[in-house]
Amino acid sequence: MTIRAPGKTRGSGTRYGIKKPDGGEDLKEESQRLLLMPESLDQTFLSHYNGVAKLSGGFSDCAFADNKQRPIHRWVPWIAGFSSEFVRDTFKRYLPDKRAAMVLDPFCGVGTTLVEAMRGGHNAMGFEINPYAALAARAKCEAAAISPAQLNNYILKLQEHMRAAGTEGDSVSVPAHFRSRIPFFGPRAQPKILKALHFIKRPRVEPIQDLFSLAFGSVMVGLSNYSYEPSLSSRPAVGKPTQDDAPVTEAIVTKLLAMRSDVAWFREQLEGFPERPVGRVLPDNFLNALHHLDPGTVDLIVTSPPYLNNYHYIRNTRPQLFWLGFVHKPSELKRLETQNFGKY
Ligand SMILES: C[S@@+](CC[C@H](N)C(=O)[O-])C[C@H]1O[C@@H](n2cnc3c(N)ncnc32)[C@H](O)[C@@H]1O
């Protein structure tokens with residue numbers, strides 16, 4: 001959904017410079033027209049993004065599957081994410097000559113709008129109620145500030161840490177109130193998971209810390225006795241065998257290496273702008289926006305809002321929320337659930 005701000009004056013009958021659509025019909029017609037717009041040539045032909053072929057994307061990719069293969073966007077699978085191509089098209093269309101506009105995504109998920117806004121030279125702000133998704137969006141916005149060499153150094157240190165003998169993850173334990181029907185990790189995988197977390201949770205330079213937490217969060221379910229189908233289900237419930245062991249180091253390091261290559265790519269993308277675009281993520285309910293936004297500061301809103309369906313974002317990210325320490329007890333989870341838009 002895209003809403004363009006017609007002006008920035010307070011007295012224009014708009015709040016935050018955002019014009020309300022005149023009626024549902026207009027919005028519907030506009031969506032239909034956009035849906036039927038032919039793809040421009042540069043969308044159709046193949047070009048390369050960091051070795052990743054440009055895919056069709058946009059409206060033809062209604063399941064937003066292409067993001068799984070694009071640099072930065074591929075970091076975290078997020079059900080009903082967004083099409084980065086669609087977002088880029090909206091900027092071309094609604095901010096054609098504008099440099100360094102302020103783009104808002106009130107439900108930013110894992111940050112597709114924010115990343116694309118920054119790539120377009122704009123500043124961006126996103127609200128996201130789910131702390132794990134907010135971490136993903138923040139890590140992406142911060143990516144261009146990371147030195148790939150420094151990141152590489154930490155990846156090597158993680159590998160050393162995992163190889164070293166010694167008590168596995170002394171100071172890290174299984175989250176006390178995390179419940180699962182069957183043991184979440186297999187008996188041989190769990191000590192490795194705790195050992196990896198011991199390294200990941202050690203305080204270090206913030207954007208790098210975020211990247212490590214995100215790498216862990218994005219692979220942890222694949223290393224467990226659960227899987228996304230797309231809702232979180234135990235492996236036996238969907239006919240898959242349980243996993244006593246899992247390639248913990250390999251999975252995290254592979255993810256981090258992909259991130260390292262994307263970090264270099266993102267830095268390059270933002271190089272040409274006189275000032276590096278800034279992306280800010282507020283891990284908060286959008287209903288609290290008035291505490292964070294000044295009137296008249298937003299030029300364009302682009303979002304893929306929460307759908308009123310059965311996909312339970314909070315419940316499905318319970319493993320990441322507990323194991324990364326965003327929630328510690330069920331009451332904290334409940335609070336997030338009640339603020340989350342959607343119908344379950
Ligand atoms: C369809 S997803 C957005 C996907 C996003 N465009 C992307 O590319 O990842 C909707 C998001 O809205 C978030 N959400 C739900 N209720 C919210 C609220 N009250 N305030 C802020 N975010 C909320 C959900 O956690 C979910 O990540």
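Trainee: How many residues does helix H6 have, and how far does it reach?

Mentor: Helix H6, residues 148-163, has 16 residues and reaches 23 Å from its first C-alpha to its last, close to the 22 Å expected at 1.5 Å a residue, where the expected span is 1.5 Å times one less than the number of residues. Helices here are DSSP runs (H or I, at least four residues), numbered from the N terminus. This is a predicted model, in which local features need pLDDT of at least 70 and side-chain atom pairs count only at pLDDT 80 or more, while totals for chains, interfaces and linings use all residues. Residues are numbered from 1 along each chain as its sequence is written.

Trainee: Which residues of H6 are buried?

Mentor: Leu 151, Tyr 154 and Ile 155 are, buried meaning that 20 or more other C-beta atoms, placed from the backbone, lie within 10 Å of the residue's own, and exposed that 12 or fewer do. Seen down the axis of H6, the directions from the axis to their C-beta atoms fall within an arc of 105 degrees, so these residues line one face of the helix.

Trainee: And which are exposed on the other side?

Mentor: Ala 149, Asn 153, Leu 156, Glu 160 and Arg 163 are exposed there.

Trainee: What do the buried ones pack against?

Mentor: They pack against helix H8 (206-219) and helix H9 (248-270), with contact counted when C-beta atoms, placed from the backbone, lie within 7 Å.

Trainee: Switching to H9, what covers its buried residues?

Mentor: The cover includes helix H4 (112-119), H6, helix H7 (189-200) and H8, and the buried residues of H9 include Lys 255, Asp 262 and Phe 266.

Definitions and conventions
Helix = DSSP H or I, 4+ residues; strand = E, 2+ residues; numbered from the N terminus. Contact = placed C-beta atoms within 7 Å.
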